[in-house]
Amino acid sequence: MRLPPSFTDEGLRAALEARARQPGLGVLVLSQYVEPVYTAELLESGEGGIGYLLKERVGDVRGFIDAVERVARGGTALDREVVAELMRSRTGQTGDPALAALTPREREVLELMAEGRTNAAIARAMVVTAGAVEKHVSSIFAKLDLPATDDDHRRVLAVLAFLRAA
């Protein structure tokens, strides 16, 4: 994220410029620091896969390859620490009333969705059944007023609402 010459946001600017020049380009950003503002800007930069991982995650080769493959397929791969920081930054703020209506379990599901996890992966992480995760996801969609349509991907819209509130 922070590159020469000023060590501020040159990496993000390069990623945004690359996506502007090649729409749909997947971008996986590696950063030493959690920068929630950059996450939202990157997610709003257009179509194509998006990822934001802390550099220390590269050591988990299997997890890193999974993130690269998700982004290449047009998905999302957000570091757990990035998502946690977004959640912390929202604590105590009024934010979106629909998000405030989520139960702690629904917020946990949404947090894992923001990491790019499937329902099966969420179920394993939370040690619940896939059916329980599906009920939480349905409840999240209802509370965020995200009806099923052929034009929108509700899962992505839910994650974007979560990130924008941060």
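Q: Is the crossing of helix 6 and helix 7 left-handed or right-handed?
A: Happy to start here, with a predicted model in which local features need pLDDT of at least 70 and side-chain atom pairs count only at pLDDT 80 or more, while totals for chains, interfaces and linings use all residues. Residues are numbered from 1 along each chain as its sequence is written, and side-chain values use heavy atoms, with hydrogens and water left out. A crossing is left-handed if the near helix is turned anticlockwise from the far one by less than a right angle, and right-handed if clockwise. For helix 6 and helix 7, the crossing is right-handed.

Q: At roughly what angle do the axes of helix 6 and helix 7 cross?
A: Two packed helices are described by the angle between their axes and the distance between the axes. Helices here are DSSP runs (H or I, at least four residues), as are strands (E, at least two), numbered from the N terminus; axes are lines fitted to C-alpha atoms, for helices over the stretch in contact, with angles from 0 to 180 degrees between N-to-C directions. The axes of helix 6 (residues 104-114) and helix 7 (residues 119-126) come within 10 Å and cross at roughly 125°.

Q: Which word describes how helix 6 lies to helix 7?
A: The axes cross at roughly 125°. Angles under 35 degrees are roughly parallel, over 145 roughly antiparallel, 65 to 115 roughly perpendicular, and the rest oblique. That angle therefore makes helix 6, relative to helix 7, oblique.

Q: Which residues of helix 7 are met by helix 6?
A: Contact means heavy atoms within 4.5 Å. From helix 6, Arg-105, Glu-108, Val-109, Leu-112 and Met-113 take part, and their partners in helix 7 are Ile-122, Ala-125 and Met-126.

Q: How far apart are the closest N and O atoms of Arg-70 and Asp-66?
A: Side chains of opposite charge can pair when their charged atoms come close. A salt bridge here is a side-chain nitrogen of Lys or Arg within 4 Å of a carboxyl oxygen of Asp or Glu. Arg-70 and Asp-66 sit four residues apart in helix 3 (residues 61-72), so about one helical turn separates them. In their salt bridge, the closest N and O atoms are apart by 2.8 Å.

Q: Is Arg-70 buried or exposed?
A: Buried means under 20% relative accessible area, exposed over 50%, and partly exposed in between (1.4 Å probe, protein chains only). Asp-66, at 27%, is partly exposed. Arg-70 has 9% relative accessibility, so Arg-70 counts as buried.

Q: How many residues apart in sequence are the parts tied together by Asp-66 and Arg-117?
A: The side chains of Asp-66 and Arg-117 meet in a salt bridge (3.6 Å, N to O). Asp-66 lies in helix 3 and Arg-117 in the loop between helix 6 and helix 7, so the pair ties together parts whose separation in sequence is 51 residues.

Q: What separates the C-alpha atoms of Leu-16 and Leu-42?
A: Leu-16 belongs to helix 1 (residues 10-21) and is buried, at 15% relative accessible area. Beyond its neighbours within four places in sequence, Leu-16 is in contact with Glu-41, Leu-42 and Ser-45. Leu-16 and Leu-42 are 26 residues apart along the chain, and their C-alpha atoms are separated by 6.9 Å.
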